[in-house]
Amino acid sequence: MRFLLSSLGVLSVGLLVLGVWWFVQHSVGRGLSLPTPAEQAGSRLFHPEAMAATAAIYGHMILGGLLTLLAPLQLLGPVRRAVPRVHRMLGRLVAGLALATGAGGLAYILSQGTVGGPWMSVGFGLYGVLLMIAAVRTVQLARRRDPAHRAWAGRLVILALGSWIYRMHYGLWHAFTGGVATSDDFSGTFDRIQVFAFYLPYLALFEMVRLLWTSRHRSMRLAEGRAAPGRA
């Protein structure tokens with residue numbers, strides 16, 4: 001049974017990595033295109049008068065793409081059990097990428113704002129802050145060998161996938177509705193919901209599942225404890 005669950009887990013992670021690959025290519029490729037005249041002429045993210053902010057957002061795209069690719073690999077149970085050193089090294093790399101990605105995005109927002117205005121800036125800013133907090137707490141607790149680091153690692157993986165989820169939401173919405181309640185300046189109702197909906201509901205769902213799982217296992221342990229004297 002354990003082998004079956006492990007196999008399903010590895011398959012799920014593999015499918016997830018394949019699913020995010022297009023976004024990784026887009027994000028990293030877009031970030032690396034900064035020096036090209038075509039990117040500089042056609043992008044609203046390029047600001048010749050604010051090259052520090054421009055470098056921050058393009059670095060954010062490169063590192064964010066790598067983060068999206070590598071974070072799901074931390075979910076591979078067989079790797080964690082068989083080669084824990086690799087798991088720890090990858091965890092530090094993922095946390096470092098998350099910190100740098102969050103810092104780059106926040107630096108750009110504080111300098112240039114966002115195309116969607118203050119509402120989008122708040123939504124994206126909160127996302128960046130939560131990403132960085134999850135990265136720090138995961139590493140802190142992991143270094144103490146505190147089992148609570150797994151919950152923070154789960155939050156970190158969800159947040160690491162946020163940019164991909166954001167684009168998937170838009171792709172599905174346009175496919176099914178034709179883009180109702182969206183606009184080019186991101187002032188539509190769907191646009192405004194989206195700046196929070198690509199991460200907060202998923203974090204909430206994770207917490208609910210985690211609490212249910214913890215409660216179930218606690219109940220099972222209590223039941224086993226009550227039954228133990230009778231068996232003796």
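Predicted model: local features only at pLDDT ≥ 70, side-chain atom pairs only at ≥ 80, totals over all residues.
**View 1. Aromatic pair of Tyr170 and Phe186.** Twelve aromatic pairs are counted in the model, and one of them joins Tyr170 to Phe186 in an edge-to-face arrangement, with 6.3 Å from centre to centre and 90° between the planes. Because Tyr170 belongs to helix H8 (residues 162-177) while Phe186 lies in the loop between H8 and helix H9 (189-197), the pair ties together parts that are 16 residues apart in sequence.

**View 2. Aromatic pair of Tyr170 and Phe190.** Tyr170 has a relative accessibility of 12% and therefore counts as buried. The ring centres of Tyr170 and Phe190 are 5.3 Å apart and their planes stand at 85°, so this pair, too, is edge-to-face. Since Tyr170 is part of helix H8 and Phe190 part of helix H9, the contact ties together parts that are 20 residues apart in sequence.

**View 3. Aromatic cluster containing Tyr170, Phe186 and Phe190.** These three residues belong to one aromatic cluster, which also includes Phe124, Tyr127, Tyr166, Trp173, Phe198 and Tyr199.

**View 4. Arg155 over the ring of Trp152.** The charged end of Arg155 is placed over the ring of Trp152, at 4.4 Å from the centre of that ring.

How values were computed: Residues numbered from 1 in each chain as written. Heavy atoms only, no water. Phe/Tyr/Trp six-rings, centres within 6.5 Å; stacked < 30°, edge-to-face > 60°. Helix = DSSP H or I, 4+ residues; strand = E, 2+ residues; numbered from the N terminus. Buried < 20%, exposed > 50% of the residue type's maximum accessible area, 1.4 Å probe, protein only. Lys NZ or Arg CZ within 6 Å of the ring centre and 35° of its normal.
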